[in-house]
Amino acid sequence: MSIRTLLALTTALTGVVAVASPAVAGPGGTPAPAAPLAVAFDTAAQRYDVPRDLLVALGYAESRLDMHASTPSAAGGHGLMHLASNLRVRTLDEAAALTRLSPTALRTDPTANVLGAAAVLRSYADQAGLTDAARDDVNGWYGPVARYGGASEPSVARLYADTVYDLLRAGFTGRGEAVTGRPVTPRRGGLEQAAVLGGIGTLSTDYGPAAWAPASTSNYTVASRPGSHPINRIVIHMTQGAYAGAVSWFQNPAAQASAHYTFRSFDGAVTQSVREKDIAWHAGNWTYNTQSIGIEHEGYVDNATWFTDAMYRASAALTRSLATKYGIPKDRAHIIGHNEVPGATHTDPGPNWNWTYYLQLVNGVTGVGSGTVSTSASTLNVRSGPGAGYPIVGSVADGATVAVYCQAVGSTVTGPYGTTTVWNRIGTNRYVSDAYVLTGYDGYIPNVPRC
């Protein structure tokens, strides 16, 4: 179904005409059409009287506004708004009933997907008693947002909703959408008393930095490892979904899956769901389940923006600790991807996972370098990869100080500091040539990992 057809259908069903974001004048003064995703959010926000930026923030928290080729998440969620249909969360079914759009359209068409999410949120707002005036205040939507996440445990429900409101507070950009940060004071209601994951009373007893949010007992096997079974491997996974959603999914008895630990993308926060002594159901191979620790990482295998340095470094610190505790060699034969488990049908962590960088961090090469940018222009282009052929994804000002998280070999560049093939990663998928950065070293910086 095309977007034009879907919007026509939506108008026919609802009697509302879509109002697009203001168009920007193109060449010759002709207004350029608004991007389809912007139209989708405009239409849905107007039709269901949901704050537009809240709707965008929810989508960004779930998927980075990516449809992921219409493939479902591990929890059975579809599209950029993660409309789900499982034994606990029925947002897809609710959206179909409320919009009268087909489940296929809701799963596969971004405009329908956004419209369906807005309809569900509005229905939750109505059930919570939000009046016309109350719906204009984004802070009053905390309850409906928490309910949309589908968590059964209050601390996880709060984690989900807080993530959305933190995005509103900080602001973000992605997929052509830009939400400006603003002060928010969400009214949490009963969730104000819920434990904040990572706070006092919710910490893991196995690994100090981790919050504790136990999986359903239907999703793992109680054991007494390493006495009952040796622990000789660590298996790396991607959640194929959002952090709070993964933690919540492991608490759903219908999941029949779990992992010991899950990491959040933007800051490396970690939650433990299964004790290390117990057997998590993560590898798809019983022998590997009994003899390994499973570590999930927030994101999708096909979108490298989830693979942040904060998450790499936090995960590597856990893996290093586990390897030391259980005598696991810190190498690729014993620290493996889910896709490397015999009989695996999964592809995670996928081609975007940087094993070289991760293993160096695991083995203690954890330094962060710094340098000063020098260019004859006012700014230096930042590339998405280590080479002049990669797309430009931003710029840094002449004289700016940058952090260097790792260094890679790329295309040859000549600049103020000579000719080199070394490129410095200054952020997630952000590279500049070392020829333009004064680091105090000729080429590689000691104790900074290779990318």
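This is a predicted model: local features need pLDDT of at least 70, side-chain atom pairs count only at pLDDT 80 or more; totals for chains, interfaces and linings use all residues.
Trainee: OK, what is the torsion about the S-S bond of C406 and C451?

Mentor: The structure holds 1 disulfide, and in it the sulfur atoms of C406 and C451 sit 1.8 Å apart. That bond is right-handed because its torsion is about 95°.

Trainee: How many residues apart in sequence are the parts that this pair ties together?

Mentor: Helices (H or I, at least four residues) and strands (E, at least two) are DSSP runs numbered from the N terminus. C406 lies in strand β17 (residues 406–415) and C451 in the segment after β20 (437–438), so the parts tied together are separated in sequence by 45 residues.

Trainee: Are C406 and C451 buried or exposed?

Mentor: Buried is under 20% relative accessible area, exposed is over 50%, and partly exposed is in between (1.4 Å probe, protein chains only). On that scale, both C406 and C451 are buried.

Trainee: Let's move to α9. How many of its 17 residues are buried?

Mentor: α9 reaches 24 Å from its first C-alpha to its last, close to the 24 Å expected at 1.5 Å a residue (the expected span is 1.5 Å times one less than the number of residues). The buried residues of α9 include R158, D162 and L167. The helix is largely enclosed by the rest of the structure, because its buried count is 12.

Trainee: And A170, is that one buried or exposed?

Mentor: A170 is found in helix α9. Its relative accessible area is 62%, which means A170 is exposed.

Trainee: Which elements do the buried residues of α9 pack against?

Mentor: Think of packing as contact, meaning heavy atoms within 4.5 Å. The buried residues of α9 pack against α3, α8, β3 (171–174), β4 (177–180) and α10.

Trainee: Which element gives the most to the lining of the largest pocket?

Mentor: On a 1 Å grid over the protein atoms alone, a cavity is a set of points where a 1.4 Å probe fits but cannot get out, and a pocket is an open set with protein on both sides within 12 Å along at least five of seven lines; lining residues have an atom within 4 Å of a point. The largest pocket has 39 lining residues, and among those nearest its centre are T163 and L167. With 9 residues in that lining, the top contributor is α9.

Trainee: What volume does the second largest pocket have?

Mentor: Grid points are joined across faces, edges and corners, and a volume is the space filled by probe spheres set on the points. For comparison, the largest pocket holds about 870 Å³. The second largest pocket comes out at about 640 Å³.

Trainee: Which element supplies the largest share of the lining of that second largest pocket?

Mentor: α8 and α10 each give two or more residues to the lining of the second largest pocket. The largest share, 5 residues, comes from α10.

Trainee: Last one: how much space lies in the largest cavity?

Mentor: A search of the whole structure finds 1 cavity of 30 Å³ or more. Its lining includes M67, H68 and Y300. The space in there is about 30 Å³.

Note on methods. Residues are numbered from 1 along each chain as its sequence is written. Side-chain values use heavy atoms; hydrogens and water are left out. A disulfide is a pair of cysteine sulfur atoms within 2.5 Å.
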